[in-house]
Amino acid sequence: MKAVAGMLVASAVVVAAAVALLGRDLLSELVVGTAGPLLATCGSWLHIASVFARRREAVTGALVAGFAGKAVFFGAYVVLALKGLQLRPVPFIAAFCST
């Protein structure tokens, strides 16, 4: 749980620093670009920790299933962000890939 809290704090600090350096007009792209990978990572971390605590032999299967789930999630997330929310592609993808 400490690792997840650390990831959340670090991401908030990085977004705040980027907004301070680049301006508030990029806030939406930076927040949405950072939020998707952060949520996927935190969720994955908590799920794998739970599986490890219950059945260590099931961790590999959980990792493989998580990989497939994240592939679908990220594809849908990028389409939603760029088409649905109409975010600017370059700052969104820069934040998304740097997370």
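L39 counts as exposed, since its relative accessibility is 59% and the cut-off for exposed is over 50%. The residue lies in helix α2. The model that holds it is predicted. The protein has four helices and zero strands.

**Overall layout**

- Along the sequence, the elements follow the pattern α-α-α-α.
- Taken along the principal axes, the C-alpha atoms fill a box of roughly 45 × 30 × 15 Å.
- The protein has 99 residues, and 28% of them count as buried.
- Take the contacts between residues at least 6 apart in sequence: 64% of these join residues at least 24 apart.

**Largest pocket**

- The volume of the largest pocket is about 200 Å³.
- Its lining is made up of 14 residues.
- V14, L30, T34, A95 and S98 are the lining residues that lie nearest the centre of the pocket.
- Three helices each supply at least two lining residues: α1, α2 (27-54) and α4 (89-98).
- α1 gives the most to this lining, with six residues.
- By class, the lining has 10 nonpolar and four polar residues, and no charged ones.

**Packing of α2 and α4**

- Two packed helices are described by the angle between their axes and the distance between the axes.
- For α2 and α4, the angle is about 35° and the axes are 7 Å apart.
- The crossing in which α2 passes α4 is right-handed.
- On the α2 side, the residues in contact are E29, L30, V32, G33, T34 and P37.
- They meet P91, F92, A95 and F96 of α4.
- The class count for this contact is seven nonpolar, two polar and one charged residues.
- L30, T34 and A95 take part in this contact, and these three residues are also among those nearest the pocket centre.

**S11 in α1**

- S11 sits in helix α1, which spans residues 2-22.
- The relative accessible area of S11 is 13%, so the residue is buried; the cut-off is under 20%.
- Neighbours within four places in sequence aside, S11 is in contact with T34 and L38.

- S28 is another residue of helix α2.
- S28 and L85 are 57 residues apart along the chain, and their C-alpha atoms are separated by 9.5 Å.
- L39 and I93 are 54 residues apart in sequence.
- From C-alpha to C-alpha, L39 and I93 are 16 Å apart in space.

**Q86 in the α3–α4 loop**

- Q86 lies in the loop between α3 (59-84) and α4.
- With 65% relative accessibility, Q86 counts as exposed.
- Most residues other than glycine have a negative phi.
- Q86 is not a glycine, yet its phi is positive, at about 55°.

Definitions and conventions:
Residues numbered from 1 in each chain as written. Predicted model: local features only at pLDDT ≥ 70, side-chain atom pairs only at ≥ 80, totals over all residues. Heavy atoms only, no water. Buried < 20%, exposed > 50% of the residue type's maximum accessible area, 1.4 Å probe, protein only. Contact = heavy atoms within 4.5 Å. 1 Å grid on protein atoms, 1.4 Å probe; cavity = no way out; pocket = protein on both sides within 12 Å on 5 of 7 lines; lining within 4 Å. Points joined across faces, edges and corners; volume = space filled by probe spheres on them. Nonpolar A, V, L, I, M, F, W, Y, C, P; charged D, E, K, R; others polar. Axes fitted to C-alpha atoms, helices over the stretch in contact; angles between N-to-C directions. Left-handed = near helix turned anticlockwise from the far one by under 90°.
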